Amino acid sequence: MQRLVILGGGTAGTVVANKLRAVLGRHELHITVVDRDDAHHYQPGYLFMPFGIYNTSDIVRSRHKFITDGVDLVLTEIDRVDPTYKTVHLADGRTLSYDVLVVATGVAPRPDATPGMQGSEWGNSIHEFYSLDGAQKLTEAMRRFRGGRLVVHITEMPIKCPVAPMEFTFLADDWLRKHRIRDRTDLTYVTPLDGAFTKPVASRELATALTDRQVGLETDFAVESIDNDAKELVGFDGRRIGFDLLVTVPLNMGPDYIARSGMGDELNLVPCDQHTMASLAHPDVFVLGDGGTLQTSKAGSVAHFSAEVFVANFLATFRGQPATHGFDGHANCFIESGNGKGMLLDFNYATEPFTGEFPLPVVGPFKLLKETRLNHLGKLAFRWVYWNLLLPGRPIPLPGAMSLAGKRVEDDVSAAATGMPTAVAPASPTPTRPAPVTKPARPRLETKPLVTTSAKPAAGAPARKAGAPVPAYESRTAVNSTADPAVILPDPIIPKF
Ligand SMILES: Cc1cc2nc3c(=O)[nH]c(=O)nc-3n(C[C@H](O)[C@H](O)[C@H](O)COP(=O)(O)OP(=O)(O)OC[C@H]3O[C@@H](n4cnc5c(N)ncnc54)[C@H](O)[C@@H]3O)c2cc1C
């Protein structure tokens, strides 16, 4: 009997276990899921907690209740994988052998990776909402906030749900207005990207949404450290951004066991085929969800769509047939925009997010990249869909592969056509004599004076290590699955989405 071991009982791992168990009996395939605990978090719910919309009981459920009978659930920490001997070593000393391994352990925020992030202000004026604990503490901080400089910040890309910090900004704007302290608050969005988002049309639409809300936009900001005494973000280029309340998204990384197993890149992401999700180094290892190097969003929708492709191919191979399914990078994300409205993104490897209707032309009913009440209701309904349809592996009335139907495809997505700032070649400081990095004059997207202090002369600005300044948007029509991941992802901490 074949043995399938699934590492991680989050979104992707649960979907795969349930879908396969529904088709293959226990006598045909032995399925084991390993996770560290029995608490399954609906992570999109973290976003709503600081605004009092959800509380912990809305987003945490018992993990084992969502994993079907006939699947072994092992609750312990994963220590390491030995791909040569096809074994998984668990922290409690047990060893699991596998024929096929699914790595679905996702990514997690790592505030320890940025100097000063976990300094004296951590939990006081520095917060994050990418973990349950962080979202709970931020809920208290928002209640205490009486106005001042509120900075929403992304440390480095890629992060899971790359629109979540933007959503937080929109919700914060709405919340501050309702609490009548918006006029006493400077709200600034600080990103390492060269625009509000990574693709021209989405970037244009989202920058407009920030403009409408009088939110300052600080782009190309590569954080070097956080000065707790001065309460400032310090950039590698010398810029300093002051805050009274900092809501940061720390570096997102795969778990350390990936590094101990020698399977990942510097962010502990496992390089994988863009269409089959097979590890490029180990063909009997598949990486689903956030933990791989798929050049699409790290999102629950991607975990779900790619898991469906994996299951179809697994079943074909199991029955001695060729695996014919290929994942197209489809991602579908609602963007909560506050005031009871939301937007929607739908895209894949080959097609960037466009405006239009979804899923049907003209009738929609959802609007792409446009704020509507229905998009907001779709976002809220997703929680029900997640617990009741997606996790149990039941069919969802959403096509796994992306469709162009309803999309208003813009031929010219160049910087000029979309109003994006012209990309500027990054200055590269030399290690021996760090040169001041002056931000070149160019069209800016912010609508009001930023709360940043003026860029300091960066005499002491150290050379940036990984992830140099974000390069220009590169049009890409497809991905080459067989290429070396270093070629696919020239710099893996720069997102293509
Ligand atoms: C604030 C926020 C908002 C989001 N909003 C959206 C949204 O609106 N739409 C959307 O589609 N997606 C959203 N996402 C992203 C979505 O939640 C993730 O993309 C999705 O959960 C990824 O699934 P996964 O299976 O790869 O990883 P996860 O669901 O994170 O599961 C990984 C599992 O592995 C386990 N694990 C990790 N390491 C170990 C170890 N060493 N030993 C044992 N177990 C381990 C963890 O406990 C976890 O259960 C959001 C995420 C966040 C943080």
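I began with burial: 49% of the 497 residues in the chain count as buried. The model is predicted, and I kept that in mind for the entries below.

Next I looked up the secondary structure and found ten helices and 26 strands. For contacts I took pairs at least 6 apart in sequence, and 70% of these join residues at least 24 apart.

I then turned to the ligand. I listed 35 residues around the ligand, and G8, G10, G106, G289 and G300 come nearest. Sorting the shell by class gave me 17 nonpolar, twelve polar and six charged residues.

Which elements supply at least two residues each to this shell? I noted the helices α1 (11–23) and α7 (300–318), together with the strands β2 (29–35) and β21 (331–338). I also checked the domains: domain 1 (2–107 + 254–318) and domain 2 (110–252 + 471–488) each give the shell at least three residues.

Is β21 enclosed or open to the outside? I counted eight of its eight residues as buried, so β21 is largely enclosed by the rest of the structure.

Then I looked up the pairing of β21. Its partner β22 (residues 341–347) runs antiparallel to β21, with seven bridges between the two strands. Within this pair I found F334 opposite L344 of β22. The hairpin of β21 and β22 has two residues between the strands. My last entry is for N339 in this hairpin, where I read a positive phi near 55°.

Methods:
Residues are numbered from 1 along each chain as its sequence is written. This is a predicted model: local features need pLDDT of at least 70, side-chain atom pairs count only at pLDDT 80 or more; totals for chains, interfaces and linings use all residues. Helices (H or I, at least four residues) and strands (E, at least two) are DSSP runs, numbered from the N terminus. A residue is buried if 20 or more other C-beta atoms lie within 10 Å of its own, exposed if 12 or fewer, and partly exposed in between; C-beta atoms are placed from the backbone. Two residues are in contact if their C-beta atoms, placed from the backbone, lie within 7 Å. A residue is near a molecule or strand if its C-beta atom, placed from the backbone, lies within 6 Å of it. Ala, Val, Leu, Ile, Met, Phe, Trp, Tyr, Cys and Pro count as nonpolar, Asp, Glu, Lys and Arg as charged, and the others, Gly among them, as polar. Domain bounds come from an automatic or database domain assignment. Two strands pair if DSSP finds at least two bridges between them.
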